[in-house]
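Hi,

Here is the structure I promised to hand over. My notes on the helix packing follow below it.

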Amino acid sequence: MILEFLKAFLVGGLICAAAQVLIDKTGMTPARILSGCVVLGVLLSAAGLYAPFAEWAGAGATVPLPGFGHLLAKGVKEAVAEKGALGILTGGLTAASGGIGAAMVFAFLMALLFKPREKG
């Protein structure tokens with residue numbers, strides 16, 4: 001069990017470190033790099049490479065942004081198999097709805113708890 005946690009920590013850390021290196025060393029904006037991570041997850045999932053990697057790495061591969069891309073692609077694939085072409089539009093958001101909903105609830109709670117102020 002400890003080895004699973006260590007593997008997840010190391011894999012997730014390497015993914016995040018790679019994104020940070022791109023942010024620091026290229027002229028690309030963080031938003032482009034983070035979007036690229038999601039697209040990379042979708043492409044690797046479509047090629048059938050991300051699922052075995054995620055199974056091996058656990059949360060280290062499913063929590064960072066490429067894991068979100070994998071989740072979207074997996075949801076679309078399942079929805080297309082179940083609903084046909086309509087699944088292209090609905091599958092990704094259906095698969096990610098739990099995480100998106102949780103993020104919205106926690107963001108709202110933090111906005112209630114902390115008073116926002118301007119930087120500077």
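Is the crossing of α1 and α2 left-handed or right-handed? It is right-handed. Bear in mind that this is a predicted model.

Helix α1 covers residues 2–25, and helix α2 covers residues 30–46. They pack at an angle of about 145°. Their axes lie 9 Å apart. On the α1 side, Ala19, Leu22 and Ile23 make the contact. On the α2 side, Pro30, Ile33 and Cys37 do. By class, the residues of this contact are six nonpolar, no polar and no charged.

Next, the core. The largest nonpolar core has six residues. They are Val11, Ile15, Tyr50, Ala54, Ala57 and Ala61. Helix α3 gives the most, with three residues. Ala54 is also worth a look: leaving aside neighbours within four places in sequence, Ala54 is in contact with Ala61 and Thr62.

Then α5, residues 65–83. At 1.5 Å a residue, its 19 residues should span 27 Å. The end C-alpha atoms of α5 are 27 Å apart, so the span agrees. The buried residues of α5 are Pro66, Gly67, Gly69, His70, Ala73, Gly75 and Ala79. These pack against α1, α2, α3, α4 (59–62) and α6 (86–113). Just after α5, Gly84 takes a positive phi of about 85°.

Best wishes

Technical notes:
Residues are numbered from 1 along each chain as its sequence is written. This is a predicted model: local features need pLDDT of at least 70, side-chain atom pairs count only at pLDDT 80 or more; totals for chains, interfaces and linings use all residues. Side-chain values use heavy atoms; hydrogens and water are left out. Axes are lines fitted to C-alpha atoms, for helices over the stretch in contact, and angles run from 0 to 180 degrees between N-to-C directions. Helices (H or I, at least four residues) and strands (E, at least two) are DSSP runs, numbered from the N terminus. A crossing is left-handed if the near helix is turned anticlockwise from the far one by less than a right angle, and right-handed if clockwise. Contact means heavy atoms within 4.5 Å. Ala, Val, Leu, Ile, Met, Phe, Trp, Tyr, Cys and Pro count as nonpolar, Asp, Glu, Lys and Arg as charged, and the others, Gly among them, as polar. A nonpolar core is a set of buried Ala, Val, Leu, Ile, Met, Phe, Trp, Tyr and Cys residues joined through side-chain atoms within 4.5 Å. Buried means under 20% relative accessible area, exposed over 50%, partly exposed in between (1.4 Å probe, protein chains only). The expected span of a helix is 1.5 Å times one less than its number of residues.
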